[in-house]
Structure formats: structure tokens, C-alpha cells
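Let us take a friendly walk through this structure together. Please keep the sequence and the 3D view at hand as you read.

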Amino acid sequence: MIPFWTLPSFLFLWSVGYVESCTAVTGCEIIASTSKSLEGYASLEELQCAMDAEFDAIKSGEPIRGPPYEYMLCPDVNYSWEQPLIPRLNGTKILCASGESCLVAAQIQLSHSDIDLTFQDLTFNGEGSSTSVVASAPKGSNATFVNCKWKNQPNVIAILNDEALVSLDSSGSPYLMHVNLLNCIIEDFDPSTDEKETFGVRSFGGSLTIRNLTVNNYNVSMFLDMRDGANVYIEDSTFTNSFLKDPSDFEDFIFADDSLLSFNNVVAIDNHFKNFVWLQNSALAHVVDFHHSNQFRVGSVFRLTSAMGLSLKDSELIGDAFSMILISETGPTLEVEGTIFNLTEPHHAIWSYNNVSITDSCLYGNAKESPIKLSNGSQIIYHNVFTDVQAPKEKCDGILHELVNGTEMCTEIDSTTDCRPNPTVYPPSPTCFINSREGDDVCPTVPSIGKCASTLLELRCIMCGEARAVANDAVLRSPPYIYTLCPNTTFTITDESQDTIFPILNNTQIVCGNSVTDTCIVEFGHLQVEVGAPRNEIDARAFEIFDLNHVEFHRVHFKSSQHNEDYLLTSSVWNHGRDNNLIFENCMWTDQLGSNLLVNGGASSNASNVNFIDCQIQNLSISHGETPILLSRSGELSIVNTDIVDSYLPGGLASISEDSTFRWRDSFLINCNTSSEFIILTSSLRSLGSRGETGQIAISNVLIKGNNYGESFLNIYGGGTTSIQESHFTLNQGVRTISIISSALIRPLLSISDSTFVDETLQDGLIIAVGADVEIRDCSFTNISSTRTGVEASENSKLDFSSVCFLDGSYKDSVISVDGISNLFSEEVYGDSFDYKSDCGGILYQYSEVDEFFVPITECTPIVPGQGCRLTDLPPPSRPPSPQPTMRPSSSVTQTPPPPPSMPFFTEIPTTDSIQQGRSSADVICWNWMLVFFFNLVVPVIMNHL
């Protein structure tokens with residue numbers, strides 16, 4: 001039986017018949033509906049004439065047809081022209097008939113503004129021009145090449161994306177178009193070309209997205225040459241068996257100068273180049289899921305000189321090189337995570353003149369000198385690193401430190417017992433189909449949308465059935481699409497592919513019963529809720545028209561999600577949608593065992609928002625994993641009027657990264673423990689995808705009481721802006737309350753106002769700032785016990801205090817400590833009744849100079865007595881009235897769903913009873929669509945033939 005979702009294309013082909021040949025039409029004629037008639041142009045000159053004529057017709061107000069403007073070529077014609085082919089009309093599509101490939105020997109020139117162009121099933125052989133594609137249109141224009149090939153080309157450049165060819169704006173900055181390559185091939189370049197320099201892609205200030213590109217047996221000076229702020233993203237692509245041409249003048253397969261390069265799922269095997277990637281002059285690379293291997297020795301896989309940095313994650317580097325990663329100058333930052341180095345016998349896996357961070361990674365094999373070499377006094381931070389590398393010929397089996405004075409020192413790597421890189425497998429994908437190849441239906445019948453779901457499979461069937469109807473224009477009702485769970489029921493997940501809650505339609509609401517006293521428990525499973533595009537092929541194809549950007553859950557209790565170390569993530573909620581808004585209101589999470597309660601964001605950064613409103617998170621006891629329970633990679637995470645109590649969170653509460661924002665207000669954090677930090681804000685290299693975007697945290701009216709911080713309550717690293725307002729910290733303990741550290745790239749800012757800190761027991765102090773800006777306004781610190789200091793500023797930090805009180809504290813070293821290159825700006829800073837255990841009970845200034853006995857110079861300044869402090873009696877945060885979400889009226893979740901309107905060809909809602917009447921819902925939809933296509937397509941064709 002032909003599945004119903006394929007009937008439109010089946011009936012279409014049946015009605016018009018298959019056409020095996022394409023008719024080449026001569027003359028300057030606009031061929032309308034070319035995709036059906038399969039008539040193509042006899043030459044590129046006639047194609048250009050037709051495009052110009054249609055452009056002039058539209059410009060004069062007499063259009064012949066509407067967009068898209070398709071122009072067909074015939075596969076049995078060799079198209080050659082000495083003049084460039086210049087499309088000018090927005091919505092132009094130039095494609096080869098019947099899905100075959102048409103040979104084009106001419107230059108395509110893209111220079112007009114505000115155009116969106118598509119080129120499909122074309123093969124460029126480079127004859128007739130030194131460059132196949134000149135993409136020099138202004139910013140706002142786009143060109144997409146689908147299923148295109150560049151093959152046996154003798155020309156200089158396949159694709160040129162150069163800002164020098166574009167006029168400048170009023171500020172003198174160029175604007176350059178975007179180029180997309182999708183399912184393209186570059187191979188078999190002719191090595192006998194007379195041109196000395198040949199390039200695949202040159203992008204100077206341009207922007208390219210490359211997906212599913214295959215580059216094979218490519219003889220070239222350089223595949224990708226990107227400079228002057230170019231931005232290139234490469235995904236799902238393979239580079240194999242390519243050879244360096246002109247090795248005396250060139251070295252690199254990819255060269256990036258002051259540009260941004262991104263890899264995601266890229267494979268490179270046996271490419272004969274000295275360096276696969278060379279980054280220099282503020283270039284930055286994000287590399288995820290990259291596999292590189294060579295059977296012969298190369299210089300390096302990644303080389304960095306004066307670049308911004310390299311972020312390498314979930315990758316594998318195999319083979320021999322001078323150094324797999326070489327940072328030959330100070331400045332570039334290297335971050336390695338979840339990566340395997342399998343070494344044949346390079347000098348080093350990593351040799352760096354700057355600091356290195358490596359986590360969750362493995363090093364195997366042999367090295368001539370050492371697995372890792374650090375020069376110029378650079379440092380390494382590592383965690384969960386396994387190594388069995390032997391360096392028998394030379395010096396060091398661990399980390400070889402080349403000190404500034406020229407001496408060397410070897411230190412061991414405190415290795416894990418075995419290699420445990422990050423897993424790459426996700427839990428089973430939710431689906432509407434049992435078999436993605438055959439399309440078998442999960443739901444033999446479709447329950448009525450008007451009834452409550454008694455199982456999660458029944459809920460899935462209701463949602464899938466309505467989504468299919470909407471996809472086929474058989475709309476049953478208007479949004480919001482409210483689906484009700486039967487009240488006072490426990491829903492158990494046994495198979496994520498069928499039971500995980502997976503909304504499909506935009507503006508979906510999943511509600512427990514019809515009363516605030518109703519309870520619905522969702523328990524077990526490695527994923528309890530998944531929101532985003534389907535992860536399997538047939539669901540993605542069936543529902544590709546949907547843009548899921550708003551989903552709500554109300555009064556659902558999520559319990560006991562499960563952990564599996566073989567899965568990349570195990571979470572109660574995974575939101576990997578793009579630009580969506582996910583709301584949980586009056587929901588609860590208890591006894592969660594999965595690694596996360598929420599993962600917000602997919603493999604790539606998607607701007608997604610998650611909101612917890614009037615929720616409860618309690619009694620969590622996670623005994624594994626080192627990630628916070630709330631992991632936000634993008635968008636905004638908002639917690640409002642939500643209590644987090646009585647929980648053990650070894651990885652902490654929340655991790656905010658990339659361009660994410662965390663808003664937390666009117667809430668409690670009480671009696672929780674962590675061994676790391678509760679909240680971490682990281683702005684690493686991976687977060688600089690758009691050059692400078694960093695995370696933000698806003699905490700307002702929150703009570704933090706009786707918690708064990710572990711390392712800290714809040715750890716800010718690398719950048720971002722954090723504000724704490726009208727909040728109350730009391731009876732907590734840990735190493736420090738807040739740690740704020742800058743990176744070499746971004747300077748972070750912390751602002752605290754109208755807040756109180758009472759009875760805190762700390763080791764290092766309240767706030768430790770390294771190269772950061774800290775502003776404190778109208779705050780009091782009372783009865784703080786610290787074995788070191790209160791507030792410490794170092795490495796050019798800036799402290800700005802106004803109306804701040806330090807009362808009844810115990811500080812071992814000093815209340816405030818400032819090194820010689822940091823600054824303190826203070827106004828109305830008070831303090832008294834300290835338990836002085838050192839020589840300074842006030843502000844300790846430590847200068848970098850030393851006296852003749854090599855003792856650092858210090859200066860102690862007392863703090864003004866605290867009789868002027870006005871902030872000692874600030875009340876703790878109070879619980880405000882429960883806020884209502886602004887996206888919808890509060891009554892919308894309790895209303896009874898309206899009955900569906902009567903629809904032509906769909907006279908009833910299929911129910912479980914319909915099977916007893918010999919009619920299934922699938923049969924109803926199939927016959928409806930057969931009738932629609934018969935009267936709209938088949939009958940007109942028959943009438944035309946008559």
C-alpha cells in the first residue's frame with residue numbers, strides 16, 4: 001500500500017506521465033512552467049536573453065508569472081559561453097531537467113542587490129573563465145547551489161566571494177552576500193593547468209554555509225582561503241585524497257586570517273598538505289565532531305599564529321605530525337573537550353606557547369618528545385584526561401614544560417583509569433512511525449482530540465493524528481491545540497520512541513485535567529519531554545512545514561528520569577527547537593536521576609527560551625554526572641516564583657553559556673548541596689560565534705539559604721554581565737560565594753545592589769575578582785566568617801563600592817584585598833566589630849614592588865566605623881503573588897476544547913470505534929486526498945487533452 005503522505009506526488013506523476021527527454025527551445029522566449037513541460041534553453045545566451053526580458057517585464061509592471069522564476073536547462077546540451085551569466089531577478093532558479101546534471105562552461109556572476117538565487121544540478125568544468133562563480137552581490141543577497149559539481153576544472157578559482165568587488169557603505173564598510181553549498185561535489189581537478197595558483201573557495205569578508213560537501217582527489221594550491229572577517233560554516237562534509245599543488249609557495253588546505261571558521265561533523269582523510277588548517281591574525285575556529293587521519297606525516301592538523309583561538313570538541317585526530325595542534329606564538333587560546341588523540345609518532349599531540357584547557361579527552365600511542373609541550377611559561381588546566389602515550393626516544397611521557405629561562409621540566413598527567421570520552425548517541429527519537437524506512441504507523445487508530453489521554457502512547461497518537469490532518473490542510477480546530485492528560489494518573493515511559501512527550505503543532509498546550517487539584521505523574525525514561533524538529537527522516541519529511549515556536553505544560557509532575565552513561569544526554573526535558581518558547585507552569589520535578597532536568601539547545605546554537613513559572617524542584621539526589629541540572633546553551637532560561645529545595649546537585653544548578661540569558665526572580669534556593677558551583681556563566685571560545693556575544697545573568701528577589709556551595713554559588717568565567725538585586729544570602733557555606741574571572745578575550749561585569757549577606761561561612765571569601773569589574777551598591781555583609789578575605793581584586797580588576805557595610809565579621813587576612821594593578825573606588829563603605837586575626841582589619845593594598853629584603857609592599861587602610869550603615873535591617877525576599885504568563889490568558893488552560901468544525905471531505909473525527917465500522921483514520925485521509933487530487937489535477941489534464 002502506498003503511504004498516504006506520498007499520494008500527492010504519486011497522483012501527480014500518474015496524471016502527467018514520466019518525461020524522459022528535455023526539449024531544447026531556441027530563441028529568446030520565457031518558458032513558463034518549465035518544471036512540468038521539461039522544455040529547456042538551447043544555449044546560455046538564450047537563457048540570459050529570457051532572464052533579461054522577464055526582468056524588464058516585471059520592472060515595467062507587466063509580469064508574465066510570479067516567483068519562483070524557474071529556468072530549465074537540458075542535460076543532453078553542453079552549455080558554453082564566453083560571456084558571464086548574470087541573473088538579476090529575485091527568486092530566480094536555474095536547474096537541470098529531470099534531476100540530472102547539466103554541463104556549464106561559463107562564469108556565473110552574482111552582483112545585484114536583494115536577490116535570492118538557486119542553482120541546482122549543474123556541473124561546472126571551469127572552461128571559458130578563470131572563476132566559475134563570482135559571488136559579489138551586496139549583503140542581503142543569497143545564492144544557493146544544490147547538487148552541483150565542480151569537476152576537472154583548469155580555472156583559478158571555483159567560487160570567489162570577495163568584498164573588494166562590492167561598493168562600500170557610508171561608513172566605509174563592505175557588505176557581501178551569503179553563499180550556500182548543499183550536497184555538492186568538488187573532485188578530479190586537472191593538475192595540468194597552466195595557471196600556477198588554483199583555489200576552491202576564496203572568501204574575503206564573505207559569508208558561506210557549506211553542508212554535505214564532498215571534496216575528493218583535488219589538486220589545488222588551497223581549498224579554502226578566507227580573510228578580512230570572512231565567516232564560513234562547514235557541516236556534514238568529507239575531504240579525502242587531495243594533494244597540495246605548488247608546495248614551495250603554499251602549505252595549507254584551509255587558511256583563515258582574521259576570520260571565523262566552524263566545523264560540525266567533518267571528516268578529513270589522507271590529504272597531502274603541511275597544515276590542514278592554519279589560523280592567524282585574530283582568526284577563530286569552532287570545531288565539533290571532526291575526524292582527521294593521515295597515513296603519512298604532516299606538519300600539523302591545526303596551526304595557530306597570533307590567532308584568537310581554537311575550540312575542539314568531540315573529535316578524533318589520528319596519525320603522525322610534527323604536532324597535531326601547534327600554537328607557535330603567545331595569544332591564541334586552546335580549549336579541547338571530549339577528543340581522542342591517537343598518535344603514530346609525532347613530536348607532540350599539542351605544543352603551545354599559550355595556556356591550554358583539555359577535558360574529557362584521551363591520548364594514545366607514541367610521541368617523540370612528549371604528549372603535551374608547553375613553552376614560554378604557559379599553563380595547562382585539565383580534567384578527566386586519560387593517557388598511555390610513551391615517549392621512549394626523548395624526554396617526557398607527560399607534560400614537558402619549557403620554561404622562560406630555557407630549562408625544561410617534565411610533570412606527569414594525573415590520568416583517569418581508562419578512556420572515557422564524551423558519548424555521541426542520543427536516546428531513541430520520538431516518532432509517529434515505527435519504522436522510518438517503511439513508514440509503519442505507531443497508531444493504528446487515532447483517538448478523539450476531545451478526550452483525555454490515559455497513556456502517553458495515546459497522547460502521542462492524538463497529537464500525531466491532528467498534526468497529519470493539519471499537514472494535509474484538513475484542519476480540525478483553531479489553536480491553541482490543548483491536549484489533556486487524564487487526571488490522577490501515573491504515566492510511565494517504557495519506550496522513548498513512543499512515550500516521550502513530543503509536541504508537533506505550534507501553540508500546543510499539554511494540561512493535567514481541568515482543575516488545579518488534579519495530578520498527573522510522568523515517570524521514568526531517559527527523555528520525558530522533547531521539543532524540536534523530528535530527529536528521524538520520515539517524521540521530518542512529513543512535518544517539515546511546521547514551525548514549532550510555542551509550547552506550554554501545566555500541572556504536570558515529572559518524576560524519576562533515568563540515567564544511561566552510553567547516551568550523550570539523559571534529561572527530563574530537551575528543547576532543541578529554533579526560536580521557540582517553552583513554558584512550564586505549576587509543574588513539579590522530584591527524584592530525578594537523569595544527568596539533567598533541562599537541556600536547552602541542540603548541537604548548534606539555537607535561540608530557544610524556556611520558562612519555569614510557579615514550579616517546584618525538590619528532593620533531587622543525582623549521584624552521577626558533572627553537569628548542572630539546568631543546561632542552557634542558547635536563548636533565555638527564566639525561573640519565576642519557583643522553589644528549588646532539599647536536593648543534592650553534584651554538577652550544580654545552572655550552566656549559562658553561548659549567547660544565553662538566565663533570569664531568576666521571586667524564588668527560593670534552600671538546603672541544597674553541590675560539589676562544584678550552583679551557577680556557572682561561561683563565555684568560552686565557542687560562545688564567540690558572532691564575535692562578542694556573551695551570556696547574561698539577572699537574579700532578583702531570590703532567597704539563598706542553608707546551602708553548601710562547594711566551590712562557589714556563582715562562577716563567572718570569560719565574560720558576560722551578571723546582576724544581583726534585592727536578594728538575601730544567609731546560612732550558606734562553601735569555598736567562596738562568587739568567583740569572577742576574565743579571559744584573554746572578554747572582561748566580565750558583576751553588579752550587586754540592595755542585597756544582604758548574613759552568617760556566611762567561607763574559605764576564600766565573598767567575592768574573588770580576577771581581571772573583572774565589580775560594582776556593589778547598597779549592600780550589607782554581616783557576620784561573615786572567612787579564613788582568608790572578604791572581597792579580593794587582582795590582575796587589573798576594578799571595584800566600585802557605594803553605601804556598603806561590613807559588620808561583625810571574621811576575616812583572617814583582610815576585609816578587602818586589592819593588588820597593585822587593580823583599582824578600588826569607594827563611597828560610604830562602613831565596617832566595625834571585626835574579629836581581627838591579622839594585621840589588617842580593613843582594606844589591604846598589595847603592591848607588586850618588593851623592598852630590599854624581597855618582601856612585598858603592603859598597605860592597610862581602615863574602614864570607616866559602621867554607625868552610618870543604613871542597611872542592616874533589610875528584610876529577606878518575600879513571595880509575591882503568583883505571576884501569570886504573558887503569552888496567553890490564564891483561563892485558557894481550563895477551558896473545554898471546542899468541537900472541531902465540520903469540514904468538506906472530513907465529516908467526522910476518527911475514533912477508536914471507527915475501526916469497528918471498517919474505516920480507519922488513515923483510510924479516511926487517503927480517500928479524501930485522492931478525491932482532491934483527482935478533481936484538481938487529473939480531470940484538468942484529461943480535459944486539456946480532449
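What follows goes from the whole chain to aromatic pairs, charges over rings, a set of paired strands and one arginine.

**The whole chain**

Please bear in mind that this is a predicted model. The protein has 946 residues, and 56% of them count as buried. Its secondary structure comprises 74 strands and 7 helices. What share of the contacts with a separation of 6 or more comes from residues 24 or more positions apart? The share is 76% in this protein. As for the surface, the protein exposes about 38300 Å², and 49% of that is supplied by carbon and sulfur atoms.

**Aromatic pairs**

The structure holds 37 aromatic pairs. A pair of aromatic rings is described by the distance of the centres and the angle of the planes. Two of the pairs are set out here.

| Pair | Distance of centres | Angle of planes | Geometry |
|---|---|---|---|
| Phe199 and Phe250 | 5.8 Å | 80 degrees | edge-to-face |
| Phe239 and Phe276 | 6.3 Å | 70 degrees | edge-to-face |

Let us begin with Phe199 and Phe250, whose planes stand at 80 degrees; planes over 60 degrees apart count as edge-to-face, so this pair gets that name.

Elsewhere in the chain, one aromatic cluster is formed by Phe662, Trp664, Phe678, Tyr709, Phe713, Phe729, Phe757, Phe781, Phe801 and Phe806.

**Charges over rings**

Arg65 lies over the face of Tyr71, at 5.2 Å from the ring centre. Arg303 lies over the face of Trp278, and its distance from the ring centre is 4.3 Å.

**Strand S5 and its partners**

Why is strand S5 (residues 92-96) described as largely enclosed by the rest of the structure? The reason is that 4 of its 5 residues are buried. Strand S3 (residues 69-73) runs parallel to S5, and 5 bridges join the two. In this pairing, Tyr69 stands opposite Thr92 in S5. S5 also pairs with strand S8 (residues 116-120) in the parallel sense, over 3 bridges. Lys93 has Thr118 as its bridge partner in S8.

**Arg736**

Our last stop is Arg736, which lies in strand S62 (residues 733-742). Its relative accessibility is 15%, and since buried means under 20%, Arg736 counts as buried. Which side chain does the side chain of Arg736 meet in a polar contact? The partner is the side chain of Asp764, at 2.8 Å. Leaving aside neighbours within four places in sequence, Arg736 is in contact with Tyr709, Glu711, Ser712, Phe713, Leu762, Asp764, Gly765, Leu766 and Ile768. Among these contacts are Tyr709 and Phe713, which also belong to the aromatic cluster.

Technical notes
Residues are numbered from 1 along each chain as its sequence is written. Side-chain values use heavy atoms; hydrogens and water are left out. Buried means under 20% relative accessible area, exposed over 50%, partly exposed in between (1.4 Å probe, protein chains only). A polar contact is a pair of N or O atoms within 3.5 Å; within protein, one must be able to donate a hydrogen and the other to accept it, and residues adjacent in sequence count only if both atoms are side-chain atoms. Contact means heavy atoms within 4.5 Å. Accessible areas come from the Shrake-Rupley method with a 1.4 Å probe; for residues, only the protein chains shown count as cover. Rings of Phe, Tyr and Trp (its six-membered ring) pair if their centres lie within 6.5 Å; planes under 30 degrees apart count as stacked, over 60 as edge-to-face and the rest as tilted. A charge sits over a ring if NZ of Lys or CZ of Arg is within 6 Å of the ring centre and within 35 degrees of the ring normal. Two strands pair if DSSP finds at least two bridges between them.
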